[in-house]
Amino acid sequence: MIELTVNGIKRSVDVVPEMPLLWVLRDELDITSPKYGCGVAQCGACTVHIDGKAVRSCQAHIGEVAGKSVVTLEGLDNKEQNPVLQAWIEHQVPQCGYCQTGQIMQTISLLARISKPTDEQINQVMSGNLCRCGTYPRIRAAIHAAASKKMAEK
């Protein structure tokens with residue numbers, strides 16, 4: 001048995017240690033916000049937080065995640081007040097929506113490290129999260145709005 005905390009709840013899974021975290025989340029724990037995109041950590045659709053850091057869950061083996069804390073979109077605290085989620089809605093970012101949970105999780109990680117990112121910093125950090133619909137201008141605008149909202153709350 002491998003134990004970890006997912007969205008604040010201690011969980012045990014009986015899987016091989018080499019199994020990607022993404023499959024454990026989706027197939028063993030029925031947590032479906034992280035998406036399978038490329039399977040090689042190039043698109044970011046599977047992005048989750050492990051101990052507060054954005055990680056591609058398709059490449060994180062569950063054996064390496066044992067004892068750690070995993071947060072998915074479902075596990076975000078106070079979703080109605082989350083400035084990133086509010087900005088995503090206000091800027092109508094999603095089109096097809098497939099990549100958006102990864103984009104949001106990457107953005108939350110970005111804003112935890114850089115409170116007021118520049119366009120260049122946003123482009124650099126978000127470059128690993130691909131959007132087939134090309135919503136990048138709206139993603140960037142939403143990130144700036146979320147950063148401003150977070151700064152105003154302090």
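Student: Which residue has its backbone oxygen 3.3 Å from a polar atom of the side chain of Arg56?

Tutor: This is a predicted model in which local features need pLDDT of at least 70 and side-chain atom pairs pLDDT 80 or more, while totals for chains, interfaces and linings use all residues. Residues are numbered from 1 along each chain as its sequence is written, and side-chain values use heavy atoms, without hydrogens or water. The backbone oxygen at 3.3 Å from a polar atom of the Arg56 side chain belongs to Gly128.

Student: Which side chain joins that of Arg56 in a polar contact of 2.9 Å?

Tutor: Arg56 is found in strand E4, residues 53-56 (strands are DSSP runs of E, at least two residues, and helices runs of H or I, at least four, numbered from the N terminus). A polar contact is a pair of N or O atoms within 3.5 Å, one able to donate a hydrogen and the other to accept it; residues adjacent in sequence count only if both are side-chain atoms. The side chain that meets Arg56 at 2.9 Å is that of Thr47.

Student: How far from Arg56 is the nearest side chain of opposite charge?

Tutor: Arg56 is buried (under 20% relative accessible area; exposed is over 50%, partly exposed in between, with a 1.4 Å probe and protein chains only). Arg56 has no salt bridge (a Lys or Arg side-chain nitrogen within 4 Å of a carboxyl oxygen of Asp or Glu). Counting Lys and Arg as positive and Asp and Glu as negative, with His and chain ends left out, the nearest opposite charge is Glu64, at 14 Å.

Student: Which side chain meets Lys149 in a salt bridge?

Tutor: A search of the whole structure finds one salt bridge. Its N to O distance is 3.1 Å, and the partner of Lys149 is Glu90.

Student: How many residues apart in sequence are the parts that this pair ties together?

Tutor: Lys149 is partly exposed, at 23% relative accessibility, whereas Glu90 is exposed, at 52%. Lys149 lies in helix H6 (residues 136-153) and Glu90 in helix H3, so the pair ties together parts whose separation in sequence is 59 residues.

Student: Is Thr72 buried or exposed?

Tutor: Thr72 sits in the loop between strand E5 (69-71) and helix H3 (83-90). Its side chain makes a polar contact of 2.7 Å with that of Glu74. With a relative accessible area of 1%, Thr72 is buried.

Student: What is the volume of the largest pocket?

Tutor: A pocket is an open set of points on a 1 Å grid over the protein atoms alone, where a 1.4 Å probe fits, with protein on both sides within 12 Å along at least five of seven lines; lining residues have an atom within 4 Å of a point. The lining of the largest pocket includes Tyr36, Cys43, Tyr98 and Arg132, and its residues divide into eight nonpolar, one polar and one charged. With points joined across faces, edges and corners, and volume taken as the space filled by probe spheres set on them, the largest pocket has about 200 Å³.

Student: What is the volume of the largest cavity?

Tutor: In a cavity, the probe fits but cannot get out. Among the residues lining the largest cavity are Leu22, Lys35, Gln42 and Cys58. The volume of the largest cavity is about 30 Å³.

Note on methods: Ala, Val, Leu, Ile, Met, Phe, Trp, Tyr, Cys and Pro count as nonpolar, Asp, Glu, Lys and Arg as charged, and the others, Gly among them, as polar.
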